Amino acid sequence: MSLDYYLYLSALLFTIGAAGVLIRRNAIVVFMCIELMLNASNLAFVTFARMNGSIDGQIFAFFTMVVAACEVVVGLAIIVTIYRSRRSASVDDARLLKL
Amino acid sequence: MLVFLIAIPLFSAALLLLGGRALDKVGHIVGTLASTAAFAVGVIEFLAMLGRAPESRAITQPLFTWIEVGNFNVGATLLLDQLSVCFVLLITGVGTLIHIYSIAYMSHDKDRRRFFAYLNLFIAAMLLLVLGDSYLSLYVGWEGVGLASYLLIGFWNQKPTYATAAKKAFIANRVGDVGLSLAVMIAFVQFGSVSFSGVAEGVEAGQASSLALNCLGLALLLAAVGKSAQFPLQAWLGDAMAGPTPVSALIHAATMVTAGVYLISRSHFVFDAASVAQLFVVIVGAITLLFGAIIGMAKDDIKKALAASTMSQIGYMILATGLGPVGYAFAMMHLLTHGFFKAGMFLGAGSVMHGMNDEVDMRKYGGLRKYMPITFATFGLGYLAIIGVPPFAGFYSKDKIIEIALDAGGAKGIILGSITLLGAAITAFYMSRVMLMTFFGAKRWEAGAHPHESPALMTIPMILLAIGSVSAGFIFNMGDRFINFLAPLFHAGDSGHSGHGEKEHLLPPIVVSALALTAVAIGVSIAIAKYGRGKAIPAVAPSDVSLWTKVARRDLLQDEFNETLFMRPGQELTKALAVIDEKVIDGAVRGVGSITLDVASGVRKTQTGFVRSYALWIIVGAVGILGAIALMSL
């Protein structure tokens, strides 16, 4: 089976994730979509590692997972804090930084 | 020793200015003593100089290294030679007499201490001017006397017109100063030196082209024209009479205004090698001597008439300096005799004003000789000296100038000779007019005038100056003593003049004297016919006079000329520049600001605060970059 299909899947997952980030208002869903994009890129990494016969891509995938784990910790904490203070998980409500 | 000449009055000026009101009681005494001390030093130096051989009479005193940049080295060095010693004695001598006179003249002024401080400042600056051994030192003194002149003209600056007169004098002087600074620069570029000896050597060695020398000469002439109130920068002198009369006597008659003559005589090596500049010197002198004389005829203000006369007499001196080596010594001689008689007459005018409640209009004088006998006598002696009646001082000095003007050769000699003779006639006319209107005729006093003779402190300086007016010419001329004294400086011996008669004369000297005396007699006769016994002099200047008289009363339209040619275009220019500054310069600066603001407020709209729109921009950017990469790798 050609490895290309993994790349197609990766691209599809990334696009779905990106679209979700752009379209959805719920912070949790947006967050999940970001995770989806990260994992899509992970899939692409390992696919390329397989294609090139080197393990560099796999190492990168691990890095991405670590970063994603950290991001989840910080991101969820922020979302929860915002929800507590504003009683809303909508990203459109958190626009206080606008001038 | 030389440094004390400058240091004493300078220290006194500083003391009086910084001392404040505490010194009010002694200010005039300190000032007069400082001037007297400087005079004593000057006399000692003069006697010491006479004791030396004619070739080694010049002495220098290095004070300190002033500027040292690479090869360029200017020392603050004082130079006393035959030329500067004449000035030193004139400045300190006449200056001291005028200090003494001022004690009485200014006795009612609450700012008398300040007045004496300025006078001392002037003496110090003027001495620096004549003692500096380089154009740069001279420049410092030159500016110093300009400052002192400004301060003293505007001494009564509570009157706005007087303050304006001071500014006018200062600005006209600044125009001339540009010439001097140009001259310093030209000298530095051409000769790498700004000292008199360095420039003289450079000229002798032919380091500069004739064009450069002529430019240098014309720049120096511009400086002289500004300081000496010569055409076309003469307009300030009449207004400078706003200053107290002793100031007019010292600065605007005897010393400062003659600095131009000093500058040209000092730079004789330049002018002797620059024929065009020298010709301009003669032209300026000739124009001014008639210009001043014509203005003098029309003035009713006694001080302004005397000021016009000063202008005219300095014209004689400038003309003489323009005639080359033969002229410098005669210019100096006329300068010294003029210093005596003109200062004496100004002090006389001050004495008359003192007795007449500061009235300056001669139409309101008349018949004062019985009330002010000493003033009348001293003024009269000065009068006889200025119109050139033998054996008074002016006869010897002016006669010589007429003589050398006639000897200038060809048409030039005839033109210059006629101008100087005409000038002598006009001088005789207007000075007789001053005499007749002031001291003779009917009393035309204002109500409440009680003319009285001035106190001894004022009359004694006038008497001493009158003695100078009577005898100076005779003493100077005895055996060509003065000419021989200055000869080593100007190489006058080379041109065969010191011997007299070696050179071909256009007219024999005796004929020249006769012509000059005839001119004087004509001038005096016309004045007597017009203003003499029995002639009514209206209290207000008649208005139904010829156009010429009207023009002469307005200083031959010199102010109008300056205003239309320089002042108004200058004002228009500054207005235009102000508009350019407002619209273009400020416009550009403000434009940058407002454009930045507009752009920013436009771009600000993209900052919505929606996370999703930011994410969209990130993705658009990422896609754009990827697209670009893809496009390039195609």
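Mentor: Happy to! Let us begin with a term: a residue counts as buried if 20 or more other C-beta atoms lie within 10 Å of its own, and as exposed if there are 12 or fewer. Please keep in mind that this is a predicted model.

With that cut-off in hand, look at the two chains. In chain A, buried residues make up 16% of the 99 residues. For chain B, the buried share is 52% of 634 residues.

Now to the core itself. The largest nonpolar core has 212 residues. Inside this core, the residues with the most contacts are B:Phe122, B:Leu127 and B:Ala343. Helix α15 of chain B, which covers residues 325–355, gives the core its largest share, 17 residues.

If you set aside its neighbours within four places in sequence, B:Phe122 is in contact with B:Val145, B:Ala148, B:Leu152 and B:Ile251. Another core, of seven residues, lies apart from the largest one. Its members include A:Ala18, A:Val21, A:Val30 and A:Val91.

Next, step back to see what surrounds these residues. Chain B has 24 helices and two strands. Taken along the principal axes, its C-alpha atoms fill a box of roughly 110 × 65 × 55 Å. Among the contacts in chain B with a separation of 6 or more, 79% join residues 24 or more positions apart.

The C-alpha trace of chain A spans about 50 × 25 × 25 Å along its principal axes. Its radius of gyration is 16 Å, while a compact globule of 99 residues would have one near 13 Å. Of the contacts in chain A with a separation of 6 or more, 48% are between residues 24 or more positions apart.

Finally, see where the two chains meet. Nine residues from chain A and 10 residues from chain B take part in the contact. On the side of chain A that touches chain B, six residues are nonpolar, three are charged and none is polar.

Terms used: Residues are numbered from 1 along each chain as its sequence is written. Chains are lettered from A and ligands numbered from 1 in the order in which they are written. This is a predicted model: local features need pLDDT of at least 70, side-chain atom pairs count only at pLDDT 80 or more; totals for chains, interfaces and linings use all residues. A nonpolar core is a set of buried Ala, Val, Leu, Ile, Met, Phe, Trp, Tyr and Cys residues joined through C-beta atoms within 7 Å. Helices (H or I, at least four residues) and strands (E, at least two) are DSSP runs, numbered from the N terminus. Two residues are in contact if their C-beta atoms, placed from the backbone, lie within 7 Å. The radius of gyration is taken over C-alpha atoms; the globule rule is 2.2 Å times the number of residues to the power 0.38. Ala, Val, Leu, Ile, Met, Phe, Trp, Tyr, Cys and Pro count as nonpolar, Asp, Glu, Lys and Arg as charged, and the others, Gly among them, as polar.
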